[in-house]
Amino acid sequence: MTTVPPPAAPAPEPISPVQAAALRDGVLPPVEEIRPGVWTLAVPFRFGVPDATLVYVVEGTDGILTLIDPGWFADDDLAVLREGLAAIGRSLEDVGLVVVTHLHADHLGAADAVRRASGARVAMHRLEVEALRHERRHARANDADIATWGLPEDLRAGVVETWGSGRRIGLGRVVEPFADLLLEDGDVVPIAGRTIRALWTPGHTTGHCCFVDEQDGLLFTGDHVLPRINSGIGLGGRTGTNPLGDYLASLGRLDGYEDLEVCPGHEYRFRDVVARARVLVRHREERSRHVAEALDALHGPTLYEVVSRVPFSGGIESMTGFLLASALTQTAYHIALLGRSDEVRPA
């Protein structure tokens, strides 16, 4: 997840007052039962990030629990998950399946620890598994891109460390086998008595999936659509497609689900994912306009020179490391989608 300013349109109203209040006050929201046999609990970020991952607990008719996105794992500690499950009268040993929307450590991180503690299987889209298997090769390949961006020398090392050969997508917290069950678009998640389908929504990462539960009127969106945050694009492995184009197409795949309650990976639950998706599309259209204006004003610029003219929050001069690399790569995706990549010169 990459935090950027909210768009001009107002954020959707929260369904859960306690989640909204917790977000405002900087505390973890309490456990809530959102449907019979479906609960949400929160696992805090580590490394000082003031946020949490919303974990969803789904009970099958056989009594076995499924976790959707178990959150961070650090210091061999599953205490928050254990406490949340205890609040609904269950334990970690009752978990038989862990379903992951995407490969980032704040969603996938605790999956292997839960598997070791309970014997649960881990399910994830095939492309996320491939990205994790090749993350070291992809990270080294990013070094070649970075060398062409025209970065000021004092910023280069931080970008290489967080985006290039020093990068670890899973922060070293995930281990093989990354998944025991590989998901594809349209697959039904094996939860007894429930029909929850995988909806492939690439863009944030290559194998990102939402999960659709039409029976209970729920749409689990991971980081694809969040109520107040514009998720970053292309934050998984390298791909032969343009992640921005993939993301815009994936937002279009949400048409028809506007009546479902949105269960995102962060912040709070809300309604009308289609309206929120339209806001996200408009944000990307506005960013493309700014990129086009920068290209119009410059002659043979480097990518860094283009980014320097795009109005990111706080300005490009405030960014280092991962945030700077993300701004640069996302700008490159906009340039490519505009068909103007040949106007940018390698440094």
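**Charges, helices and contacts**

Colleague: Between which strand and which helix is the place of Asp272?

Modeller: Residues are numbered from 1 along each chain as its sequence is written, and this is a predicted model in which local features need pLDDT of at least 70 and side-chain atom pairs count only at pLDDT 80 or more, while totals for chains, interfaces and linings use all residues. Side-chain values use heavy atoms, with hydrogens and water left out. Helices (H or I, at least four residues) and strands (E, at least two) are DSSP runs, numbered from the N terminus. On that basis, Asp272 belongs to the loop between strand E12 (270–271) and helix H9 (273–297).

Colleague: Is Asp272 buried or exposed, or in between, and what is its relative accessible area?

Modeller: Buried means under 20% relative accessible area, exposed over 50%, and partly exposed in between. Asp272 is therefore partly exposed, its relative accessible area being 32%.

Colleague: How many residues of H11 are buried?

Modeller: Helix H11 covers residues 321–337, and its end C-alpha atoms are 25 Å apart, which agrees with the 24 Å that its 17 residues should span at 1.5 Å a residue, the expected span being 1.5 Å times one less than the number of residues. Among the buried residues of H11 are Gly321, Leu324, Tyr333 and Ile335. The helix is largely enclosed by the rest of the structure, because the buried residues among its 17 number 12.

Colleague: How far apart are the closest N and O atoms of Asp112 and Arg115?

Modeller: Both Asp112 and Arg115 lie in helix H4 (residues 111–118), 3 residues apart, about one turn of the helix. An α-helix has 3.6 residues a turn, so residues three or four places apart point the same way. Asp112 is buried at a relative accessible area of 14%, and Arg115 also counts as buried, at 12%. The two form a salt bridge, meaning a side-chain nitrogen of Lys or Arg within 4 Å of a carboxyl oxygen of Asp or Glu, and here the closest N and O atoms are separated by 2.7 Å.

Colleague: Which residue meets Arg289 in a salt bridge?

Modeller: Arg289 is partly exposed, with a relative accessible area of 38%. At a distance of 2.4 Å from N to O, the side chain of Arg289 meets that of Glu286.

Colleague: What separates the C-alpha atoms of Val279 and Ala11?

Modeller: Val279 is found in helix H9 and counts as buried, at 10% relative accessibility. Although Val279 and Ala11 are 268 residues apart along the chain, their C-alpha atoms are separated by 9.2 Å.

Definitions and conventions. Buried < 20%, exposed > 50% of the residue type's maximum accessible area, 1.4 Å probe, protein only.
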